[in-house]
Amino acid sequence: MKRLPGDVRVPGDRPQTAGVLHLGAGAFHRAHQAVYTDDTDWGITVAAPNSRGVIDALAEQDGLFSVATLGPEGASMRVIGSIVDTVHIASERDRAIDLVAAETTHVVTLTVTEKAYRDAQGVPGLLAAGLAKRAARGGPPLTVLCCDNLPDNGKTTRAAVEPLLDSASKNGATRAWVEANVTFPSSMVDRIVPASTQATYERALSELGVTDLAAVEAEPFTQWVIEDDFAGPRPAWDATYTHDVAGWERLKLRTLNGVHSTLAYLGALADVETITESLALPGAEAFARWLIAEQIAPSLTPPDGQDTIAYGENVLERFANPGIRHRCLQIAMDGSQKLPQRLFATIADLAEAHVDLDLIALPLAAWTRFCAGKSDNGTELPLDDPLKDAIRQSLAAAGANPAARIDAILGLHQIVPETVADNHQLRRAAAKWLRELDRHGVATTLEHL
Ligand SMILES: NC(=O)c1ccc[n+]([C@@H]2O[C@H](COP(=O)([O-])OP(=O)(O)OC[C@H]3O[C@@H](n4cnc5c(N)ncnc54)[C@H](O)[C@@H]3O)[C@@H](O)[C@H]2O)c1
Ligand SMILES: O=P(O)(O)OC[C@@H](O)[C@@H](O)[C@H](O)[C@H](O)CO
């Protein structure tokens, strides 16, 4: 590290052991929790569920990697030293279970994407098996801290794990032990971290003078609001600790993520690559601002001291950061797992309050058109979604009629609440927008709003 350029921030004394086990070796963990932990004296073992590319790179680099913070004024580089060990769950499942059970592990954090919580065989099963072992040994209390973009993400994690505990121990003893010794706080996490690309590795090489195949890039903004419900010790993370995370989650998921997904579908249909480019389409920024003021703000009560419109302005400034190339298609992925909390919850609350639903019907129409798999130019758009088959079958049965296609999407009962599916005003408005998008495309529709 002595050979690195002087303006690169490097870690101080490295931790020797890991009190945190992190599940999910993705880009976000490296630019968020790993950075917060680097400012403490704790270490992390990172567990990769499937692909081992990142953990192999980390192991090769003694756990070190760089985060490039990209602001409108340029980049700054920091080397992170908080990752002290790695484990590959797919090929070392027993070791991963042992790490959940280990008395040296005090906190398990997770960034495994929204869909992972529905896969009982995967991460929830691993946690249940680890907790059963910990309970059988009478180990110390444990905090399981979800850092995925889900509402009530602590409760969601607990609900995914709890039903598996009985089969993990047979006599109900694990469930009772977990009840008394394990907490699942919720948290709101925020930092825009696009998937690393060849350009990320080239920047790292040119700024550091060494190859870094675990490098990530992120925006300057970072936030972490954690429910103050730890079962045992925790790192001294410089986060906000509160007893009410729900308000923060709602504000962020509906405003930042809701508008992110909206711009992702509009941008993909308009054949632009990134969110910044989508926001720059004529009419897009005005639409986003209008959506925040007229539909998102009236749907929620922000946490004390927060104003949804001011928060939304800040979000739009972050989306406009030219240093961040966040691809529309990355954000568009897994829409069925994201839109319930980013869009449908907003619509449900607006419908209950009898607020007009015209504007918020446009993102629904954009997602419906995106799901058909063709952009306005006729380019193929990938539908990367666990409900892909159900979505495509419903759309195929609906034919070309916009109202029938909206009904097909709203008929996905696994993800669309009944009050949203049955709302006539929403259905009419969404069908109208879909007709506009079919006839004129996104660019013209936005320009003439
Ligand atoms: N990237 C961001 O800007 C950002 C910001 C806030 C929150 N998040 C949260 O972090 C999550 C991960 O984002 P990322 O940028 O690190 O993505 P990524 O694609 O880089 O990493 C995803 C990780 O999840 C794992 N994973 C994927 N599907 C899984 C499954 N079915 N079961 C178990 N593990 C699975 C992958 O193996 C990988 O480790 C997001 O889904 C989101 O909930 C991301
Ligand atoms: O990471 P995902 O796939 O859940 O969602 C894509 C983006 O909306 C998201 O990652 C945001 O960049 C992030 O939530 C900002 O904190």
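This is a predicted model: local features need pLDDT of at least 70, side-chain atom pairs count only at pLDDT 80 or more; totals for chains, interfaces and linings use all residues.

1. Domains. In contact across the boundary are 27 residues of domain 1 and 25 residues of domain 2. Together the two domains bury about 2100 Å² between them, and 56% of that is on carbon and sulfur atoms.

2. Charges across the interface. How many salt bridges does the rule find between domain 1 and domain 2? The number is 4. Elsewhere in the list of pairs, Glu-114 forms a salt bridge with Arg-342, with 3.7 Å between the closest N and O atoms.

3. The Lys-115 pair. Lys-115 forms a salt bridge with Asp-334, and here the closest N and O atoms are 2.7 Å apart. This pair links distant parts of the chain, 219 residues apart: Lys-115 sits in the loop between strand 6 (107-110) and helix 5 (123-137), while Asp-334 sits in the loop between helix 13 (328-332) and helix 14 (335-352). Buried or partly exposed? For Asp-334 the relative accessible area is 2%, so this residue is buried. Lys-115 has 31% relative accessibility and therefore counts as partly exposed.

4. Arg-78 forms a salt bridge with Asp-39, the closest N and O atoms being 2.7 Å apart. Again distant parts of the chain are linked: Arg-78 belongs to strand 4 (residues 74-80), and Asp-39 to the loop between helix 2 (33-38) and strand 2, 39 residues apart. Arg-78 has a relative accessible area of 14%, so it is buried. Asp-39 is at 46%, which means partly exposed. Both residues also belong to a network of salt bridges that links Arg-9, Asp-38, Asp-39 and Arg-78.

5. One pair with two partly exposed ends. The side chains of Arg-175 and Asp-166 meet in a salt bridge at 3.2 Å, N to O. Arg-175 is partly exposed at 33% relative accessibility, and Asp-166 is partly exposed at 32%.

6. In what order do the 6 strands of the open sheet run? The order is 5-2-1-6-7-8, and the pairing is parallel. Strand 5 and strand 8 (182-183) are the edge strands, each pairing on one side only. Going through some of the pairings, strand 1 (residues 20-23) is joined to strand 2 by 4 bridges, with His-22 partnered by Val-46 in strand 2. Another 4 bridges join strand 1 to strand 6, where Leu-23 stands opposite Leu-110. Strand 2 is joined to strand 5 (residues 83-88) by 5 bridges, and the bridge partner of Ala-47 in strand 5 is Val-87.

7. The nonpolar cores. The largest nonpolar core has 86 residues, and those that touch the most other members are Phe-319, Phe-344, Trp-367, Phe-370 and Ile-391. Helix 9 (residues 246-269) gives the most to this core, with 10 residues. Apart from it lies another core, of 32 residues, among them Ala-27, Ala-57, Cys-147 and Ala-239.

8. Trp-367 as a place to look. Leaving out residues up to four places away in sequence, Trp-367 touches a set of residues that includes Tyr-265, Gly-335, Ser-336, Leu-339 and Phe-344. Also among its contacts are Asp-385, Ile-391, Ile-409, Leu-412 and Ile-415.

Note on methods. Residues are numbered from 1 along each chain as its sequence is written. Chains are lettered from A and ligands numbered from 1 in the order in which they are written. Side-chain values use heavy atoms; hydrogens and water are left out. Two strands pair if DSSP finds at least two bridges between them. Helices (H or I, at least four residues) and strands (E, at least two) are DSSP runs, numbered from the N terminus. A nonpolar core is a set of buried Ala, Val, Leu, Ile, Met, Phe, Trp, Tyr and Cys residues joined through side-chain atoms within 4.5 Å. Buried means under 20% relative accessible area, exposed over 50%, partly exposed in between (1.4 Å probe, protein chains only). Contact means heavy atoms within 4.5 Å. Buried area is the accessible area (1.4 Å probe) that two parts lose on being put together, summed over both.
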